[in-house]
Structure formats: structure tokens, C-alpha cells
Amino acid sequence: MNDIITTACKFVTSSIGRKILVALTGACLLLFLVGHLAGNMTIYGGCAPCGGKSWIDYYAMGLHSMPSWLLWAIRLGLLAVFAVHVLLALVLKYENYNARTHYQREGTLKATLSSRTMVITGVMILAFLLLHLWQLTINGDPANCYEHVVLGFQNPVCSAAYIVAICCLFMHVRHGVQSVMQTLGLGTRKVRPLYNIVAVLFALVVCGGFISIPLAVLTGILH
Amino acid sequence: MATLNLTLKVWRQENAQAQGRIETYQAKNIPDEASFLEMLDIVNEELVHEGKEPIHFDHDCREGICGMCSLTINGVPHGGKKVTTCQLHMRQFKDGDTIWIEPFRAKAFPLLRDLIVDRSALDKIIAAGGFVDIRTGSAPNANNMPVRKKTADAAFDAAACIGCGACVASCKNSSAMLFTSAKAAHLNLLPQGYPEKNKRVLAMVRQMDALGFGNCTNQYECEAACPKGVSVDNIAKLNRDYMIACASEAVGVFS
């Protein structure tokens with residue numbers, strides 16, 4: 001037992017161990033994004049055949065009708081995953097910054113812009129998440145979800161904030177997806193270009209889906 | 001023979017404690033077949049004639065195999081042409097160019113003087129586990145020891161690392177993952193090194209962490225800057241091997 005604890009401690013304090021934790025929590029968050037997007041897409045479903053409410057209202061009420069222990073278990077689980085991801089990433093970044101001596105003239109060969117701005121886009125996403133939770137979870141009403149969303153996005157400032165944040169998410173996910181594969185040891189020169197394509201496509205689909213909602217409201221498709 | 005007139009922006013620093021600065025030099029009538037180091041030799045000869053301190057830089061074999069030469073040229077270690085600085089020729093530059101020359105920068109590579117840094121941190125990673133504990137004898141006869149062709153190729157490609165440190169210097173995080181992973185993979189893949197794989201991986205990674213290198217963020221600058229084309233596949237392999245080694249250590253598969 002002692003060996004297991006000692007090794008586990010060494011693992012979570014080592015460079016590779018922490019990177020693997022960031023990658024695994026990142027992968028969980030990517031799956032969460034897929035689920036979130038699938039739920040959001042019900043906003044295009046229009047009105048349900050009975051009751052006169054929108055599909056997304058039923059979806060929101062369905063989520064809230066879960067047993068409260070399950071709802072809170074999911075929420076706390078997500079919070080834990082998110083906290084590990086953010087804290088470890090910031091600690092790693094701090095170490096990386098301190099490991100460097102800066103060049104007078106910087107040169108870059110192939111590091112992508114998204115890979116070099118992971119912390120900036122990550123912090124932007126964190127700030128957005130707080131806004132998002134405040135607006136739609138804390139001040140939200142599951143029974144009037146559709147109306148709440150449409151009213152919110154009819155404010156161009158609100159829509160613009162969401163669109164900028166989702167663009168940050170695009171950049172974060174675009175590097176994140178292929179980085180997860182490499183950190184988990186699944187990268188080889190044969191599949192790495194494929195991971196890059198998958199990363200861009202994944203980011204396009206997910207972020208395109210999210211952005212489509214404020215755009216649809218602004219252009220009057222959803223009203 | 002074409003000649004070049006260049007402006008050099010060179011990092012000068014008397015010793016580790018001194019405040020460093022960029023100084024400007026004119027390199028006149030540089031033959032385009034000169035190597036980058038020969039160009040610096042020509043500049044240094046002039047400096048010596050003028051009674052000034054020549055520019056200090058590391059070099060040894062000058063044929064691209066020893067890993068001693070360094071120099072970050074225009075922000076890229078070895079100039080980014082997939083060769084070492086000694087094999088970089090002045091025909092890669094144009095007349096009138098301004099060239100920035102800085103040392104290989106990383107906290108783990110303390111600067112000694114001008115363009116010379118102490119890269120012995122890499123030796124410490126090797127000393128932690130980059131070897132085989134027993135005598136393996138001289139090179140075995142071909143096919144005496146069965147090794148898959150693909151495995152042999154991968155080990156050979158990893159073994160091409162000359163330990164110059166360009167991976168660390170090019171990394172936005174000053175991570176030594178490409179070096180460590182190449183040295184570990186080279187031995188882990190072959191029958192002589194395989195029995196000590198877990199022990200080696202743990203020792204080398206822990207030493208790498210202890211020396212103050214940064215953490216890899218999968219930007220692959222190292223691979224692009226490597227004069228020997230060492231692949232980041234080795235980094236993925238090290239991540240894999242590290243997980244296996246930790247699991248083995250935790251459950252006591254080896255002690």
C-alpha cells in the first residue's frame with residue numbers, strides 16, 4: 001500500500017504525471033462539450049407537440065427533474081474535473097515560464113498560435129464560464145429556458161461576449177484535442193496529421209454549433 | 001564566389017553574473033561557402049586585430065556529429081535548417097541581412113560567457129539512467145540477436161540525437177522531453193536495454209524534473225529545430241512508458 005501511495009504522489013508531482021491529469025480532465029471536458037452541444041441543439045426543435053413549450057424547455061426541466069443527489073454529484077464532479085484541469089495547467093504554465101530565459105529576438109518554427117495562447121484562451125473560457133453560469137444557471141428558469149436564451153441573445157453585447165468566448169474555446173480545443181492524444185502516448189508520425197484534422201473538425205463542429213445560437217437569434221431565425 | 005556583407009546582433013556577456021547585452025558587428029566580405037562558425041571566425045580575427053575581445057562560442061568537430069556547437073540564430077537554434085550551426089552555410093543568407101545570434105537559452109543551461117552555455121544538465125539526465133547496467137560486449141553480428149526491422153529503425157533514429165540541446169533551446173517551455181525521450185527510447189527499444197526499461201524511465205524523468213526543465217506542451221518546436229530530425233514520437237513513447245513504469249512501481253512488479 002505504501003508503494004502505491006508513494007508512487008501516486010510522485011506521479012502527481014512529476015511533469016508527465018500532471019500533464020496526463022490535465023489531458024484526462026481535458027478529455028472529460030471535451031466529452032462534456034459534446035453533451036452540452038447536443039442539449040443546446042434542441043433549441044432548433046421548435047415547439048413540442050403538446051403543452052406549447054419548446055423542446056429545450058422540456059430538456060432543461062428534464063435535467064432539473066433528476067434526483068437532486070445525482071444532479072449535485074454531476075455538478076460537483078464537473079467542478080472537480082474543471083478545478084484539476086485549470087489548477088494543474090496554471091501550475092505547469094508557471095513552471096514553464098520560470099524555466100525559460102527569454103530571447104531578445106524570438107523565433108517560432110511550427111508552434112501554432114492556438115498552442116501558444118492556451119493559458120490566455122483558457123482563462124477567457126473560465127471568465128466566460130462564470131458569466132454563463134450566472135446568467136443561465138443561477139438566474140435561469142428551466143421552464144422558460146427558450147425565452148430566457150432568446151431574450152439574452154437579443155442583446156448584441158451579450159451575443160458578442162458569447163461569440164468571442166466560443167472563438168477562444170475553438171482555439172483551446174483545436175490544440176487541446178491533438179495534445180491529449182500526444183500526452184496519453186497515442187501520437188505517432190502516421191496518425192499525428194490525422195489528429196490535427198480531427199482536432200480542427202471537432203472544434204469547428206462544437207464551436208460552430210454553439211455560435212449558431214446567438215447568430216440565429218441576432219438574425220431573427222430564433223425569436 | 002559571391003561574398004556577403006552582414007550585420008550581426010550578438011549577445012555579449014562577460015560571465016554568468018554580468019549584465020548581458022546585444023552588440024552590433026559588421027561582417028564584411030564573407031564568402032558564401034563559409035560555414036556559420038567560419039563566418040564568426042572571420043569576424044573574431046578582425047576583432048582580435050582591433051585589440052578587442054573576440055566573440056566566445058562553443059564548437060568542436062565542425063562536421064555536425066559532436067553536438068558541441070550551439071547558437072540561436074534569428075530566434076531559432078542552429079538556424080532551423082535541420083543542420084547543426086557548423087553545417088549551416090552562409091549561402092543560406094542574403095547580402096545585407098541582419099542576423100541575431102544568441103546563446104541557447106534556458107534556466108537549466110546557465111550561461112558561462114557570450115554564446116557559451118553549460119549544457120551538463122543533459123549529461124545528468126544520462127547519468128540518471130541513460131545506460132545499460134551490464135557489459136553488452138562489442139557490436140553483435142548482424143541477425144545474431146533478433147530485432148524487428150521497424151524497432152531497429154526507431155531505435156537508430158532516436159540514437160541519432162547528438163545531445164546538442166537545441167530541443168530545450170527552441171522549446172517555448174525549455175522542456176528537455178525530446179532529448180530525454182530519445183535517449184530513453186534508444187535503449188528501451190533494444191534487447192540490451194529493455195530489461196531495465198521501467199527503472200530507466202523513472203530515473204531519467206525524475207532527474208529531468210529535478211533539473212528545472214519546463215513541461216512539454218506538445219508544440220513540436222523541438223522536432224522542427226532538431227538538426228538530427230529526432231521525432232516527437234519518442235515523447236509519446238516516453239509518456240506511455242512513464243505510465244507503465246509508475247504502475248509497475250506502484251504494484252511492485254520490480255523493486
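# Chatting through a two-chain predicted model

User: Hi! Let's start at B:N74. How many C-beta neighbours does B:N74 have inside 10 Å, and what does B:N74 count as?

Analyst: B:N74 has 18 C-beta neighbours inside 10 Å, so B:N74 counts as partly exposed. Keep in mind that this is a predicted model.

User: Where does B:N74 lie?

Analyst: In the loop between β3 (72-73) and β4 of chain B. The backbone there is worth a look too: B:N74 is not a glycine, yet its phi is positive, at about 50°.

User: OK, B:N218 next. What is the phi of B:N218?

Analyst: B:N218 has a positive phi of about 55°, and B:N218 is not a glycine either. B:N218 sits in the loop between α6 and α7 of chain B.

User: Is B:N218 buried or exposed?

Analyst: B:N218 is buried, because 25 other C-beta atoms lie within 10 Å and the cut-off for buried is 20 or more.

User: Let's go to the sheet. What is the strand order in chain B?

Analyst: The order is β2-β1-β5-β3-β4 in an open sheet of five strands, with mixed pairing. At the edges are β2 (21-31) and β4 (76-77) of chain B, each of which pairs on one side only.

User: How does β1 of chain B run against β2(B), parallel or antiparallel?

Analyst: Antiparallel, with nine bridges joining β1(B) to β2(B). As an example of facing residues, B:T3 stands opposite B:P31 in β2(B).

User: And how many bridges join β1(B) to β5(B)?

Analyst: Four, and β1 (residues 3-12) of chain B runs parallel to β5(B). B:L8 has B:I99 as its bridge partner in β5(B), while B:V10 stands opposite B:I101 in β5(B).

User: Which strands does helix α1 of chain B touch?

Analyst: Helix α1 (residues 36-49) of chain B packs on the sheet and touches β1 and β2 of chain B. The direction of α1(B) makes about 105° with that of β2(B).

User: What share of the chain A contacts with a separation of 6 or more is between residues 24 or more positions apart?

Analyst: That share is 77%.

User: Which residues of α7 in chain A are buried?

Analyst: A:C145, A:Y146 and A:V149 are the buried residues of α7 (residues 145-153) of chain A. Seen down the axis of α7(A), these buried residues fall within an arc of 100°, so they line one face of the helix. They pack against α3 (55-64) of chain A.

User: Why would residues three or four places apart in a helix point the same way?

Analyst: Because an α-helix has 3.6 residues a turn.

User: I'm also looking at A:V34. Where is A:V34 found?

Analyst: In helix α2 (residues 15-40) of chain A. A:V34 is partly exposed, because there are 13 other C-beta atoms within 10 Å, and exposed would need 12 or fewer.

User: How far apart are A:V34 and A:C47?

Analyst: They are 13 residues apart in sequence and 23 Å apart in space, C-alpha to C-alpha.

User: Now the interface. How many residues of each chain are in contact?

Analyst: On chain B 44 residues are in contact with 38 residues of chain A. The elements giving two or more residues to the chain B side are β5 (98-102), α6 (197-210), α7 (221-225) and α8 (233-251) of chain B. The largest share, eleven residues, comes from α8(B).

User: What kinds of residues are on that side of chain B?

Analyst: 17 nonpolar, 16 polar and eleven charged.

User: Last one: which residues of the largest nonpolar core touch the most other members?

Analyst: B:C167, B:V168, B:A176, B:L178, B:F179, B:V201 and B:C222, in a core of 106 residues. The largest share of this core, eleven residues, comes from helix α8 (residues 156-183) of chain A. Leaving aside neighbours within four places in sequence, B:V201 is in contact with B:A184, B:L238, B:D241, B:Y242 and B:A245.

Methods: Residues numbered from 1 in each chain as written. Chains lettered and ligands numbered in written order. Predicted model: local features only at pLDDT ≥ 70, side-chain atom pairs only at ≥ 80, totals over all residues. Contact = placed C-beta atoms within 7 Å. Nonpolar A, V, L, I, M, F, W, Y, C, P; charged D, E, K, R; others polar. Core = buried A, V, L, I, M, F, W, Y, C linked by C-beta atoms within 7 Å. Arc of directions from axis to C-beta. Pairing = 2+ DSSP bridges. Axes fitted to C-alpha atoms, helices over the stretch in contact; angles between N-to-C directions.
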